[in-house]
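Subject: Handing over a structure, with notes

Dear colleague,

Please find below the structure that I promised to pass on to you, together with some notes to read beside it.

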Amino acid sequence: NGLKELISSTDSPWIPILPDLKIKYFANFISEKDSNRYFNCFMNLIPWKQDSIRVYGKTYDQPRLTSLHGINEKSYSYSGIKMYPQKMTKELIEIKNKISKVCFTSFTSVLLNFYRDGKDSNGWHADDEPELGINPVIASVSFGEERFFQLKHKTKKIETIKFKLESGSLLLMEDSTQHNWYHKIAKTSKNIGPRINLTYRKIYN
């Protein structure tokens, strides 16, 4: 299928070396006990919703549930969706503060994604919306089921890669990564459980 699977090393952070890519992967960023606590908290207390997206002129239900939270009231738009944030919960702020110890970015918002099963997905995209500024830093924290994270270069003929995002892990995407690479979470036919993903970002609009 043209995909090359990368196996993250035991080094923390793991930093794969590829052109125009700057990512760092922290496998055990949050303990198993805390990961389970956060997962149950977010699954039950976050006001999840399923927005409609427009793709090539057609409208579809987004294949996952989402919720936007912030420390201010700045909106965020992507794929024809304009989202207005709820307040960040105590738990979301706890995780944001933990990330700040390894990433010197003052995040203002977090977009949560709830993948209910293997049919839920997130297609090829880059987090390069204007309100994220130049060279945005995206901090992605995962809880629950492991899913493969795929990356492909926008212009260069480089093999598409994938690696697993484990529960309790942190993936940092920095510098020009969003301008040069697409990423996605593909559907899978495997019978798997739910996954909750937190993507922290700074909104400038």
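Two residues are said to be in contact when heavy atoms of theirs lie within 4.5 Å. This is a predicted model, in which local features need pLDDT of at least 70 and side-chain atom pairs count only at pLDDT 80 or more, while totals for chains, interfaces and linings use all residues. Residues are numbered from 1 along each chain as its sequence is written, and side-chain values use heavy atoms, with hydrogens and water left out.

Which residues does Y200 touch, once its neighbours within four places in sequence are left aside? Y200 is in contact with M88, L92, I95, K96, I99, F107, S109, V110, V137, I138 and A139.

Y200 also belongs to the largest nonpolar core, which has 28 residues, and F42, I95, I99, F143, L198 and Y200 are those with the most contacts inside it. A nonpolar core here is a set of buried Ala, Val, Leu, Ile, Met, Phe, Trp, Tyr and Cys residues joined through side-chain atoms within 4.5 Å. Buried stands for under 20% relative accessible area, exposed for over 50%, and partly exposed for what lies in between, with a 1.4 Å probe and protein chains only. The elements that give two or more residues to this core are α1 (32-45), α2 (90-99), β9 (109-115), β11 (138-144), β14 (170-173) and β16 (195-201), and the largest share, four residues, comes from α1. These element names follow DSSP runs, numbered from the N terminus, where helices are H or I runs of at least four residues and strands are E runs of at least two. A second, separate core has 26 residues, including A27, Y76, Y115 and I138.

The next topic is the sheet. Strands of a sheet pair through backbone hydrogen bonds, either parallel or antiparallel. Two strands count as paired here if DSSP finds at least two bridges between them. With that rule, there is an open sheet of seven strands in the order β2-β14-β11-β16-β9-β5-β8, with mixed pairing, and its edge strands are β2 (23-26) and β8 (86-87), each of which pairs on one side only. Within this sheet, β11 and β14 run antiparallel and are joined by four bridges, and I138 has M173 in β14 as its bridge partner.

I71 is in the loop between β5 (65-70) and β6 (76-78), and I71 counts as exposed because its relative accessibility is 52%. Although I71 and K87 are 16 residues apart in sequence, their C-alpha atoms are 6.2 Å apart in space, and I71 touches M88, K96, F107 and T108 when residues up to four places away in sequence are not counted.

Two aspartates have a positive phi although neither is a glycine: for D20, in the loop between β1 (3-5) and β2, phi is near 60°, and for D175, in the loop between β14 and α3 (177-180), phi is about 55°.

Finally, there are the charged pairs. Side chains of opposite charge can pair when their charged atoms come close. A salt bridge is counted when a side-chain nitrogen of Lys or Arg is within 4 Å of a carboxyl oxygen of Asp or Glu, and a search of the whole structure finds eleven of them. One of them joins the side chains of E174 and K24, at 3.8 Å from N to O. E174 lies in the loop between β14 and α3 and K24 in strand β2, so this pair ties together parts that are 150 residues apart in sequence. E174 is buried, with a relative accessible area of 10%, whereas K24 is partly exposed, at 21%.

Another salt bridge, also given as 3.8 Å from N to O, is formed by the side chains of K164 and E146. K164 is in strand β13 (residues 160-165) and E146 in the loop between β11 and β12, 18 residues apart.

With best wishes
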